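Let's take a friendly walk through this protein chain, from its overall fold to the details of its packing. Have the sequence and the model at hand as you read.

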Amino acid sequence: MPEIRKQHNITESQIIDGLVRRDEYVFELLYDNYASSLLGAIMRIIKNKDHAEEVLQDTFVKVWQKIDTYSNTKGRLYTWMFNIARNNALDKLKSKEYSQMSVTGTIENTHNPDNT
């Protein structure tokens, strides 16, 4: 897990306060430091990189929109974000849209004469 505090001399509570204040710089720091870690977790569930990146984007949108619901008594900020990412990935995996795309992709791969 990246340590945003060490890289930018900022505490987790300052990050949370910045997010609550809608500080875009803090949000960019958060994204820069946690996106790759969260994407890796998402890709363990969603094997398609494009779909995993969509889930990552949805995750950061939720973090931005729902930071007021975060409580440090229930865990660290990264853990909260990780849970959002995991739940988003599982929701995507269960979605009808994703299921149809997976079936279509399998059919296209099977019937593509260039696919060896």
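## Overall fold

Please keep in mind that this is a predicted model.

Of the 116 residues, 34% count as buried. If you look at contacts between residues at least 6 apart in sequence, 63% of them join residues at least 24 apart.

## Helix 2 and its buried face

Helix 2 spans residues 12-20, and its buried residues are E12, I15, I16, G18 and L19. Viewed down the helix axis, these buried residues fall within an arc of 160°, so they line one face of helix 2.

After helix 2 comes R22, which has a positive phi, near 65°.

## The nonpolar core

Which residues have the most contacts inside the largest nonpolar core? They are L30, L77 and M81, in a core of 27 residues. Helix 2, helix 3 (24-43), helix 4 (49-66) and helix 5 (77-94) each supply at least two residues of this core. Helix 3 gives the most, with eight residues. More generally, nonpolar side chains in soluble globular proteins tend to be buried together.

Leaving aside neighbours within four places in sequence, L77 is in contact with E12, I15, I16, L30, I67 and Y70.

## How helix 4 meets helix 5

Helix 4 and helix 5 pack at an angle of about 135°, and their axes are 9 Å apart. At that angle, helix 4 is oblique to helix 5. The crossing of helix 4 and helix 5 is right-handed.

On the helix 4 side, the contact is made by H51, E54, V55, D58, T59, K62, V63 and K66. Helix 5 contributes W80, M81, I84, A85, N88, A89 and K92.

## A closer look at M81

Setting aside neighbours within four places in sequence, M81 is in contact with L30, Y34, L38, T59 and V63.

Technical notes:
Residues are numbered from 1 along each chain as its sequence is written. This is a predicted model: local features need pLDDT of at least 70, side-chain atom pairs count only at pLDDT 80 or more; totals for chains, interfaces and linings use all residues. Side-chain values use heavy atoms; hydrogens and water are left out. Buried means under 20% relative accessible area, exposed over 50%, partly exposed in between (1.4 Å probe, protein chains only). Helices (H or I, at least four residues) and strands (E, at least two) are DSSP runs, numbered from the N terminus. The arc is that of the directions from the helix axis to the C-beta atoms. A nonpolar core is a set of buried Ala, Val, Leu, Ile, Met, Phe, Trp, Tyr and Cys residues joined through side-chain atoms within 4.5 Å. Contact means heavy atoms within 4.5 Å. Axes are lines fitted to C-alpha atoms, for helices over the stretch in contact, and angles run from 0 to 180 degrees between N-to-C directions. Angles under 35 degrees count as roughly parallel, over 145 as roughly antiparallel, 65 to 115 as roughly perpendicular and the rest as oblique. A crossing is left-handed if the near helix is turned anticlockwise from the far one by less than a right angle, and right-handed if clockwise.
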